[in-house]
Amino acid sequence: MSDPYSRLGVRRRINAAGALTRLGGAVMAPDVVEAMAAASRASVDIGELQDAASARIAEATGAEAGLVTTGAAAALTLAAAASIARWDVAKMASLPHGDFPRDILIPRTHRTGYAHALAASGARLIDIGHNDRGTGAGVRGLEAWEIEAALSPAVVAMAFSVNATSLADLPTAVAACRAAGIPLIVDAAAQLPPKENLKRFVAMGADLVAFSGGKALGGPQASGILAGRRDLVASALLQQLDMDVAPETWSPPKLVDRANLRGVPHHGIGRGFKAGKEEIVGLLTALDRFVKADDASNNARLEARLKAIAIELNGHKVTLVPASVTGRVPVLEIAVPEALAVSARLQRGDPPVHLSERHAARGVLTLDPQVLLPEHDAPLTAALRAAL
Ligand SMILES: *Cc1c(COP(=O)(O)O)cnc(C)c1O
């Protein structure tokens with residue numbers, strides 16, 4: 001097969017920055033590619049396929065149900081829409097507008113750039129809490145009373161961005177949401193690996209959890225997972241499916257209990273991010289691979305590659321940070337004054353080279369090998385030696 005990128009005049013890049021969306025996310029394994037190609041050559045009922053996906057996702061996450069979405073951001077929009085509309089087809093038809101409760105609580109320190117995905121559903125985000133631990137200003141985290149004080153009949157859910165720091169506050173949020181009878185939506189998009197996190201947040205009591213499929217999971221770039229409570233996942237699915245159906249002949253997915261619906265919904269807020277059969281099958285194939293993978297030996301292999309690169313960079317201040325410290329994959333931290341200037345120079349190179357800029361403010365460029373192809377180790381090392 002000819003190279004589609006060279007035909008288009010688009011350069012291939014050396015990616016040592018991680019599975020970033022703007023660089024194309026994950027690089028898929030051959031069996032995932034083959035499964036997608038095979039899936040593309042047939043007609044299937046997408047609702048039936050999502051039912052099968054739900055069973056697989058439930059098994060992998062410990063949740064009651066699951067849905068393949070077009071990314072974690074889409075999963076957040078659908079999670080918010082499900083929390084607002086539940087089984088109400090009139091509310092589904094009305095979103096993102098509507099004269100009904102649609103407030104979602106969000107701790108101030110959890111309001112990332114991805115909060116827009118929640119708001120896109122029509123939810124009104126209500127900022128709560130101080131969280132001095134999260135900002136580094138002090139010792140206190142999110143507190144139950146901060147959630148309770150913000151509750152009102154207009155509140156339909158609470159959102160939570162989980163990471164190593166915020167995790168300590170998750171039990172507080174779970175308990176407060178349980179007591180209030182509202183779902184807790186957890187953004188865990190980039191919290192894989194470790195694979196234990198597929199189950200962790202559900203086990204801790206989150207009602208809905210969003211994961212990216214196109215980052216560490218190694219699925220199609222435009223895929224993701226929404227895992228959680230069956231009724232909420234069903235509402236999310238209804239708002240994502242193609243609903244150009246005759247009520248007389250519509251056979252809903254098994255996830256959907258038609259007795260709960262007073263009519264057949266129209267196209268919902270999620271119709272613009274439909275998951276195709278290729279994404280659904282590709283995501284499930286990648287999920288299966290990810291669950292079965294041997295993290296310890298993968299990390300040992302990555303660490304050996306990083307050590308070899310570090311030796312070639314002798315004379316420069318490089319630190320290997322093992323997976324046990326990063327919580328995901330091992331990385332190489334390279335101390336460089338003017339980190340962003342060096343990064344810009346690397347990106348202008350031929351081939352362009354990308355390192356992670358997440359610690360650039362403290363003079364560090366991070367070599368993240370998550371999606372770095374082994375054949376790129378040598379040209380990457382050469383580019384680094386030249387740029388440093
Ligand atoms: C990447 C990311 C998302 C969006 O995930 P997509 O799968 O690209 O839609 C959402 N939240 C966080 C914290 C992320 O890192």
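## Close-up views of a predicted model

**View A. Pro 194 lies in the loop between strand 6 (184–187) and helix 10.** The model shown in this and the following views is predicted. Pro 194 is joined to Pro 193 by a cis peptide bond, with omega at about 5°. Pro 351 belongs to the loop that runs between helix 15 and strand 11 (353–355).

**View B. Asn 131 and Glu 338 are shown for their backbone angle phi.** Asn 131 has a positive phi of about 55°, although this residue is not a glycine. The loop between strand 4 (124–128) and helix 7 (132–135) contains Asn 131. Its relative accessibility is 6%, under the 20% limit, so Asn 131 counts as buried. Glu 338, likewise not a glycine, has a positive phi near 60°. Glu 338 is placed in the loop between strand 10 (331–335) and helix 15. With a relative accessibility of 62%, over the 50% limit, Glu 338 counts as exposed.

View C. The buried residues of helix 3 include Gly 47, Leu 49, Ala 53, Ile 57 and Thr 61.

**View D. Asp 51 is a residue of helix 3.** Asp 51 counts as buried because its relative accessibility is 16%. Leaving aside residues up to four places away in sequence, Asp 51 touches Pro 253, Lys 254 and Leu 255. Asp 51 and Ala 234 stand 183 residues apart along the chain, and their C-alpha atoms are separated by 9.7 Å.

**View E. Helix 3 packs with helix 12.** The axes of the two helices come within 11 Å and cross at roughly 15°. This angle is under 35 degrees, and helix 3 and helix 12 are therefore roughly parallel to each other. Their crossing is left-handed. On the side of helix 3, Ile 46, Leu 49, Gln 50, Ala 53, Arg 56, Ile 57 and Ala 60 take part; on the side of helix 12, they meet Lys 277, Ile 280, Val 281, Leu 284, Leu 287 and Val 291. By class, this contact has 10 nonpolar, 1 polar and 2 charged residues.

**View F. Helix 4 (residues 72–85) crosses helix 11 (residues 230–238).** Their axes come within 8 Å, and the crossing angle is roughly 110°. Angles from 65 to 115 degrees count as roughly perpendicular, so this description applies to helix 4 and helix 11. The crossing is right-handed. Leu 78, Ala 82 and Ser 83 of helix 4 meet Leu 232, Ser 235 and Ala 236 of helix 11. The residues of this contact divide into 4 nonpolar, 2 polar and no charged.

**View G. Helix 15 (residues 339–347) packs with helix 16 (residues 377–387).** The angle between the two helices is about 130°, and their axes are 10 Å apart. Helix 15 is therefore oblique to helix 16. Helix 15 passes helix 16 in a right-handed crossing. Val 342, Arg 345 and Leu 346 of helix 15 make the contact with Ala 383, Leu 384 and Ala 387 of helix 16. By class, the contact residues are 5 nonpolar, no polar and 1 charged.

Methods
Residues numbered from 1 in each chain as written. Predicted model: local features only at pLDDT ≥ 70, side-chain atom pairs only at ≥ 80, totals over all residues. Heavy atoms only, no water. Axes fitted to C-alpha atoms, helices over the stretch in contact; angles between N-to-C directions. Helix = DSSP H or I, 4+ residues; strand = E, 2+ residues; numbered from the N terminus. Parallel < 35°, antiparallel > 145°, perpendicular 65-115°, else oblique. Left-handed = near helix turned anticlockwise from the far one by under 90°. Contact = heavy atoms within 4.5 Å. Nonpolar A, V, L, I, M, F, W, Y, C, P; charged D, E, K, R; others polar. Buried < 20%, exposed > 50% of the residue type's maximum accessible area, 1.4 Å probe, protein only.
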